[in-house]
Amino acid sequence: MTDFFKDIPAIKYEGPASANEFAFHHYDPDEMLMGKRMEEHLRFAAAYWHSFAWPGGDPFGGQTFERPWFGETMELAKLKADVAFEMFDILGVPFYCFHDADVRPEGATFAESKRNLDEIVDYLGQKQASHKTQLLWGTANMFSHRRWMSGAATNPDPDVYAYAAATVKANMDATHKLSGANYVLWGGREGYETLLNTDLKAEREHAGRFLQQVVEYKHKIGFKGAILIEPKPQEPSKHQYDYDVATVYGFLIQFGLEKEVQVNIEQGHAILAGHSFEHEIGLASALGIFGSIDMNRNDYQSGWDTDQFPNNHAEKAVAFYEILRAGGYTTGGTNFDAKVRRQSLDPADLILAHVGGMDTCARALKSAAALMADGSMEKARDDRYAGWQRPDAAALLSGSLEEAAAVVTAKDLNPQPVSGRQERLENLWNRFI
Ligand code: XUL
Ligand code: CO
């Protein structure tokens, strides 16, 4: 035991009336919703990078956090893992996620970095064996070190492509060894700053071949988890190739990977792309590529990816409604890709940020499940499309354009517009949030 979270109790459910800040007010892991425990619906994960690796910098200032595990040694990496699992225990989260760079010190050579990773993976494996918390996904940080400055798989230098292959292979091996439920690829540097120096066609083709190689390797090692792409339109690159769900789908189709790869959708990334979170989830579900969620919120004024903890349950309820409509998670989960603000220095801030985020999601899920159980929203949607249940409507789709056109004269059609009932449906929503 370290003393980092000393005096902070394990967080338990006490209900909405409790004034205890070290308690859940809405997240009761055992509450049954639609035949499933809330914990199994939400599948919460804590992100190693924001809580344990981020020093608290912003574009105008450096480190604000002084954590006893900061430093590049294996001993400190193990201390970090000890504290991380203490936080996971306090929160009772079933999952966590990490990048290689979060958990191990960078070595002077690839071989040294790999040795460090292997050693910490063994340590994390021991932790997982004696704790509840398991790995939701692993990933490679191919955006922080200067070698990735011009991209990883899309780098103009083939040596960097090879380095990216070695890095992802090592991280897939680590994830597989720790029985991770998924493997994530987020391409922060897989994009460009200026087209003046960029061969966009070649870069996209290299990214596509790289992803095919990832999928081939997954099957080779027998990794059963899902491979997930995390779309984001820009930041850090001016333009990123995995812009949004629709763009990723087109990319997967081009490289024959639409049955092999799914998406990890992040709230803040959806907003940056000019979409709503629920749009991205609904679209991924419609395309059959919905995988997992990175839960957070952006600051809606600054326009940056501020990775704040969610605190608006009404906003998230619409997203969870789409997740329920999609049939819920299979291998995915709700990963808090969120960090406390740089002034939030106290260990308690880390815990309470997650408590608030978990309660926000639980409230959102409960609203969504209640609306789903009520059934009026789905009925209204079904009613709107009821015409398509008629046999003559199905014939419109199976026949030709001329046959569809001929129906207008044959039946003397003069369709009358009907109300979309948006405000009535919004009022219905309000009864449940
Ligand atoms: C960056 C981001 C990453 C990915 C994992 O915006 O979301 O943390 O989730 O690399
Ligand atoms: Co993310």
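This is a predicted model: local features need pLDDT of at least 70, side-chain atom pairs count only at pLDDT 80 or more; totals for chains, interfaces and linings use all residues.

User: Where is arginine 43 found?

Analyst: In the loop between α1 (38-42) and β5 (44-47). Its backbone deserves a look too: phi of arginine 43 is near 45°, a positive value in a residue other than glycine.

User: Switching to the metal. What coordinates the cobalt ion?

Analyst: The cobalt ion (ligand 2) is held by Glu230 (OE), Glu266 (OE), Asp294 (OD) and Asp337 (OD), at 1.9 to 2.1 Å.

User: What's the geometry of the site of the cobalt ion?

Analyst: Octahedral: there are six donor atoms around the cobalt ion (ligand 2), with angles of 81 to 171° among them.

User: How are the donor residues spaced in sequence?

Analyst: As E-x35-E-x27-D-x42-D. Glutamate 230 and aspartate 337 are 107 residues apart, so that pair links distant parts of the chain. Glutamate 230 is in the loop between β10 (226-229) and β11 (239-240), while aspartate 337 is in the loop between β14 (334-336) and α12 (347-374).

User: Are glutamate 230 and aspartate 337 buried or exposed?

Analyst: Both are buried.

User: Now the sheet. Which strands make up the closed barrel?

Analyst: Eight of them, running β5-β6-β7-β8-β10-β12-β13-β14, with parallel pairing. On average, neighbouring strands of this sheet are turned by 30° against each other, direction ignored.

User: How many bridges join β12 to β13?

Analyst: Four, between β12 (residues 261-266) and β13 (residues 290-295), and the two strands run parallel. One to click on: asparagine 264 has serine 292 in β13 as its bridge partner.

User: What about β7 and β8?

Analyst: β7 (residues 134-139) is joined to β8 by three bridges, again parallel. Glycine 138 stands opposite tyrosine 183 in β8.

User: Which way do the β8 side chains point?

Analyst: Asn182 and Val184 point one way, and Tyr183 and Leu185 the other way. All four are buried.

User: Which helix lies across β8?

Analyst: Helix α7 (residues 200-221), which lies across β8 (182-185), β10 and β12. It runs at about 160° to β10.

User: Let's go back to α16. Which residues in it are buried?

Analyst: In α16 (residues 422-432), Leu428, Trp429 and Phe432 are buried. Seen down the axis of α16, its buried residues fall within an arc of 100°, so they line one face of the helix.

User: Why would residues a few places apart point the same way?

Analyst: Because an α-helix has 3.6 residues a turn, so residues three or four places apart point the same way.

User: And what does the face of α16 turned away from its buried side carry?

Analyst: That face has the exposed residues Glu423, Arg424, Asn430 and Arg431. On the buried side, what covers α16 includes α11 (313-325), α12 and α13 (376-384).

User: I also picked out isoleucine 281. What does it touch?

Analyst: Leaving out residues up to four places away in sequence, isoleucine 281 touches Ile265, Phe290, Ile293, Ala319, Glu322 and Ile323. Isoleucine 281 lies in helix α10 (residues 277-287), and it is buried, with a relative accessible area of 0%.

User: Last one: arginine 104. Buried or exposed?

Analyst: Arginine 104 is buried, at a relative accessible area of 9%. It lies in the loop between α4 (100-103) and α5 (110-130). Not counting residues up to four places away in sequence, arginine 104 touches Ser113, Asn116, Leu117 and Ile120.

Terms used: Residues are numbered from 1 along each chain as its sequence is written. Chains are lettered from A and ligands numbered from 1 in the order in which they are written. Side-chain values use heavy atoms; hydrogens and water are left out. Donors are N, O and S atoms within 2.8 Å of the metal (3.2 Å for Na, K and Ca); water is not among the atoms, so sites may look incomplete. Four donors count as tetrahedral if all angles lie between 85 and 135 degrees; four count as square planar and six as octahedral if opposite donors are over 155 degrees apart and all others between 65 and 115; anything else is irregular. Buried means under 20% relative accessible area, exposed over 50%, partly exposed in between (1.4 Å probe, protein chains only). Two strands pair if DSSP finds at least two bridges between them. Axes are lines fitted to C-alpha atoms, for helices over the stretch in contact, and angles run from 0 to 180 degrees between N-to-C directions. Contact means heavy atoms within 4.5 Å. The arc is that of the directions from the helix axis to the C-beta atoms.
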